[in-house]
Amino acid sequence: MSQPPTRNPPRWFVAGDVNGFFGLVIDNLSILGFIAMALIGIFGVPADVVFQRMFPGTALGVLLGNLAYSWMGRRLAARTGRDDVTAMPLGLDAPTSIGMALLVLGPAFLAFRADGLDERAAGIATWQLGMAALVVMGLFKTALSFAGDWVTRVLPRAALLGSIGGAALALLGFLPLVETLRNPVVGLVTLGLLLYLLVGKGRLPLRIPGVLFAFLVGVALYYGLGLAGLGVPGFALPEAVPLAPSLPWPNLGFLAGLADTVPYLPLLLPFGLLMIVGGINVSESARAAGDDYRTRDVLLVEALATLVAGICGGVAQTTPYIGQPAYKHMGARTGYTLLTGLFVGIGGALGILAGLVQWLPLAVLAPIIVYVGIDITLQAFHETPRRHAAAVALAFLPSLAYLLTIKAGNPAWIAPERFAELYADIGSHGLPDLAAIVTLGNGFIITAMLWATAVVFLVDGRVRGAAGVLLVAAALTLFGVIHSVDPRGGVYLPWSLGGLRQAICFQFAGAYVALAVVLGLLSLQRQVPSVTE
C-alpha cells in the first residue's frame, strides 16, 4: 500500500511574492491615484476629505480581503500538499472605481454645492454618500454570492474567460497603455523590461525581482530625465503631503447618505452585479490555472470586504483581480497578498498612501497593469477549446464599447451638454453612433457572457439553446441590465421610457427576439449526420 505524500506547511513567503507584491500594490495605488485625481482635480472635492476620510476605509477593505484570500490560499496548499498554490489577489475594482468617481461621487459633490452647501460640507456629504453606496453594494453582493457555483456549472468556459479577457484587453491593457505612452521613454522602457523579464524569461545581472527592477528603472528615468529638463512637458515634483493618520473606525455616517443613494441605485446595483459576475469569472480563471477555489467563498470574501469598508468610510468596492494566473507566472504564492493587504491597510490609516499616490508616476505604474491585461487575454484563448475561439473573440467587443464610453463620458473631454447632443444626434439612417456605443458598453461583462454562450451553443450544435440565451438577453435588455439606454448604465422599467431611448431599447430587444426566432425555426430542420473528411 503506497504512503500518502508528506505535506509540509506551505512557506509564508517565496521570492516570487516580492514580484506579486509590487504588482498588486501598484495596481491598487494607480486606482487610488485616479480617484484622487478625478475627485480633487476635476470636481474640486477637498483633498483632506479624499485622503483622510475616503482613503482609510477604502484601504481597510483591501486589507481584510487580502488577509482572507491569503488564508484561503494557505488552506488550499495544505489540503492539496502543493507548494505552487497562488492566493487570489484582491484590490479596488478599476471600472467601477472609475464609474464611482466620474458618475456618482463627483456629480454628487457638484449637486450638493448647487444646493447651497459650502465646499467642506459638500465634501462630507459626498463621502457619506460613497459610504452608503458601498454598504448597498456590499449587501447586494453578499446576497448574490451563493449563486456563484451554479453559474460556473451552467456557463461554458469561453463565456467566463472570454468576457473577462475582453475587460483585461480594454481596461487593463489599452487604458494603461495610453498612460504609458504619455511619457514614452519612461513608459516603453518599463513595459519593455517587463516583457523581457516576464514573457521572454530574460535574465538580470543582479538577483532582484523582475517587477521591482523594472519599477526602479522607470522611476529613476522619470525623475532623472525630468530634473535634467529632458522629460515630457509639464514635469514637476509633486508637493509633499504631510502624514495625517486617520484610523478607519466603524461609524454611522453611511446612514446619513442612504437617502442620497436612491437616485444612483440604477447605477450602483449593476456595479455590484458586475462584481459578482467578475468574481465568478476570476474564480474560473484561477481554476484554469490550477488553483481550485470555491466560487462562493471567493465571492463572499470580497462582498464582506466591501461591506465592512463602507461602514468604515470607504467609497470604492473591492474585487478579486483577474490577474491570478499572471501572479502565478510571476512566481507569487500566498505571501504577496498578505504583504499587500498589510501595506495598503496600514498605509491608508497612517496617511502613507496619500503621499505615495503623489510621488509614484503613472507612466511607471501603468505598464505593470498592461502586462497583467496581456496575460489574462492570452489565457482566455489558451484555456478554452480551439473550436470556441470565435466565441472568445466576440466576447471582447462589448468591452471595447465600454472603453469608448469611459473616454466619451469624461467631462474633461466632452462636456455633458455636448455628450447629450451626440447621444441624440440621429443621422440620415440608423441610431446615433454614440448611443449605439454606449448601449453596447453598458452591462458589457454580462453581454459578453451571453454572446459567447450563444456562439458556443451554435458551435456545439445546440441551436435551440442558443435561441434560449438570446431570449434571456432580450429580457435583460428591456430592463437595462444589459444595453441600458441610460448613459450612466442604470436599470429601469421599459414602459417608463420615451422617445429615442424607448426606440433604442425596443430595437435591441427586438433584434435578440428576431434572431432567436430565426434560429428556432432553423433548429426544426432534420439533422443531417456530418461527414468526417
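Ala, Val, Leu, Ile, Met, Phe, Trp, Tyr, Cys and Pro count here as nonpolar, Asp, Glu, Lys and Arg as charged, and the others, Gly among them, as polar. Keep that colouring on for the tour.

The model is predicted: local features need pLDDT of at least 70 and side-chain atom pairs count only at pLDDT 80 or more, while totals for chains, interfaces and linings use all residues. Residues are numbered from 1 along each chain as its sequence is written, and side-chain values use heavy atoms, with hydrogens and water left out.

**Stop 1: the largest pocket**

Select Gly33, Met37, Glu179, Arg182 and Leu362, which lie nearest the centre of the largest pocket among its 49 lining residues. A pocket is an open set of points on a 1 Å grid over the protein atoms alone, where a 1.4 Å probe fits, with protein on both sides within 12 Å along at least five of seven lines; lining residues have an atom within 4 Å of a point. The volume is about 1,500 Å³, taken as the space filled by probe spheres set on the points. By class, the lining has 37 nonpolar, eight polar and four charged residues.

Next, show helix H1 (16–42), which gives the largest share of this lining, 11 residues. Helices are DSSP runs (H or I, at least four residues), numbered from the N terminus. Others supplying at least two residues include H3 (94–114), H6 (157–181) and H15 (362–382).

**Stop 2: the second largest pocket**

Centre on Leu103, Gly409, Pro487, Arg488 and Gly489, the nearest to the middle of a pocket lined by 41 residues. H3, H10 (265–288), H16, H17 (416–423) and H19 (444–459) each give two or more residues to that lining. This second largest pocket holds about 790 Å³ of space, and its lining has 28 nonpolar, 10 polar and three charged residues.

**Stop 3: H7 and H8**

Now select 184–199 (H7) and 210–227 (H8), which pack at about 165° with axes 9 Å apart. Axes are lines fitted to C-alpha atoms over the stretch in contact, and angles run from 0 to 180 degrees between N-to-C directions. H7 and H8 are therefore roughly antiparallel (over 145 degrees). Among the residues that meet are Leu193 and Leu197 of H7 and Phe213 and Tyr222 of H8; contact means heavy atoms within 4.5 Å. The contact residues divide into 14 nonpolar, three polar and no charged.

**Stop 4: H2 and H14**

Finish with H2 (47–80) and H14, whose axes come within 9 Å and cross at roughly 100°. That makes H2 roughly perpendicular to H14 (65 to 115 degrees). Phe51, Phe55 and Ala59 of H2 touch Leu353, Ala354, Val357 and Gln358 of H14.

Methods. Parallel < 35°, antiparallel > 145°, perpendicular 65-115°, else oblique.
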